[in-house]
Amino acid sequence: MFDAIIFDFDGVILDSEPIHYEAYCRALKPLGIEISYSEYMAHYLGLSDKDMLPKLLHNMGLRYSEAEIQHLIQQKIAAYTHIINTCEPLPLIVDFDQFLFKIALKVKKIAICSGSSRVEINTVLSKVRQGKLHAYFDAIVTAEDVQVGKPSPEGYLLTAKRLDVAPGRCLVIEDTPYGVKAAKAAGMQVIGLMTTYDRHQFLTADKVITGYRQLLSRVW
């Protein structure tokens with residue numbers, strides 16, 4: 001048994017990549033910048049806003065100042081929260097809440113480590129089950145808390161520090177190769193959740209599952 005379980009957020013708690021994509025489109029549209037969903041999934045999935053937007057602009061041969069990029073990030077976050085607040089019901093990953101309720105009885109600490117912003121995560125958690133899920137998390141580490149996003153292990157190491165749990169005693173649930181690489185580099189065990197990528201893209205994960213039902217059937 002592990003002392004802590006750390007969840008990624010997008011694709012692990014919420015099926016939110018289509019929402020992030022739509023928010024990016026809304027933020028970029030006034031600039032005349034368009035990106036297809038397939039391009040987003042292929043090149044930018046798993047990156048935080050502060051990593052994704054500079055990469056996108058660079059790939060398009062565009063130069064924006066740091067202040068302009070920060071403004072874009074705020075526009076994207078505002079679009080995301082508006083979509084979340086008007087979305088009924090929110091697309092939680094199937095069986096996530098049941099797994100959370102079960103594991104909370106067995107594990108000392110539970111956390112989130114995500115490349116999303118704190119505003120985005122709090123907006124979701126405040127809405128799901130009337131905000132009751134928020135109390136299950138002992139720490140939430142977001143893009144604002146780190147200098148470098150995944151695949152850097154910085155976020156996961158910070159999460160372990162805030163939980164006061166050794167990295168080797170943490171189990172991570174991730175849905176992207178970037179996230180798996182980050183958690184493994186932090187010295188943690190990782191389960192790859194196949195909500196976004198196929199099994200062959202989780203070669204370094206310790207275990208790969210199709211959904212939480214597989215974990216619910218286990219005795220923890």
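Begin by selecting Arg 118 and Asp 145, whose side chains meet in a salt bridge with 2.6 Å from N to O. Arg 118 belongs to helix 6, while Asp 145 sits in the loop between strand 3 and helix 7 (154-163), so this contact ties together parts that are 27 residues apart in sequence. Arg 118 counts as partly exposed, at 29% relative accessibility, and Asp 145 is likewise partly exposed, with a relative accessible area of 24%. From there, select Asp 8, Lys 150 and Glu 174, which salt bridges with shared partners join into one network. Please keep in mind along the way that this is a predicted model.

Next, stay with the charged side chains and select Lys 127 together with Glu 88, which meet in a salt bridge at 3.4 Å, N to O. Lys 127 is found in helix 6 (residues 118-127) and Glu 88 in the loop between helix 4 and helix 5 (96-103), so the two tie together parts that are 39 residues apart in sequence.

Now select Asp 97 and Arg 129, which form a salt bridge whose closest N and O atoms are 3.0 Å apart. Asp 97 lies in helix 5 and Arg 129 in the loop between helix 6 and strand 3 (139-141), so parts that are 32 residues apart in sequence are tied together by this pair. Asp 97 counts as buried, at 10% relative accessibility, while Arg 129 is partly exposed, with a relative accessible area of 39%.

The tour then turns to the aromatic rings, where the count comes to 11 aromatic pairs. Select Tyr 21 and Tyr 40: their ring centres are 5.8 Å apart and their planes stand at 45°, so the pair is tilted. This pair links distant parts of the chain, with Tyr 21 in helix 1 (residues 17-28) and Tyr 40 in helix 2 (residues 37-43), 19 residues apart. Are these two tyrosines buried or exposed? Tyr 21 counts as buried at 16% relative accessibility, and Tyr 40 is buried too, with a relative accessible area of 4%.

For a group of rings, select Phe 7, Phe 96, Phe 99, Phe 137 and Tyr 212, which ring pairs link into a cluster. Then move to Tyr 24, where Lys 76 lies over the face of the ring, at 4.8 Å from its centre.

The last stop is the largest pocket, which has a volume of about 150 Å³. To outline this pocket, select its lining residues: Ser 48, Asp 49, Lys 50, Gln 70, Ile 73, Gln 74, Ile 77, Gly 115, Ser 116, Ser 117, Ala 143 and Glu 144. The elements that give two or more residues to this lining are helix 3 (49-59) and helix 4 (66-85). Which element gives the most to the lining? Helix 4 does, with four residues. If you colour the lining by residue type, it divides into three nonpolar, six polar and three charged residues.

Notes: Residues numbered from 1 in each chain as written. Predicted model: local features only at pLDDT ≥ 70, side-chain atom pairs only at ≥ 80, totals over all residues. Heavy atoms only, no water. Phe/Tyr/Trp six-rings, centres within 6.5 Å; stacked < 30°, edge-to-face > 60°. Buried < 20%, exposed > 50% of the residue type's maximum accessible area, 1.4 Å probe, protein only. Lys NZ or Arg CZ within 6 Å of the ring centre and 35° of its normal. 1 Å grid on protein atoms, 1.4 Å probe; cavity = no way out; pocket = protein on both sides within 12 Å on 5 of 7 lines; lining within 4 Å. Points joined across faces, edges and corners; volume = space filled by probe spheres on them. Nonpolar A, V, L, I, M, F, W, Y, C, P; charged D, E, K, R; others polar. Salt bridge = Lys/Arg side-chain N within 4 Å of Asp/Glu carboxyl O.
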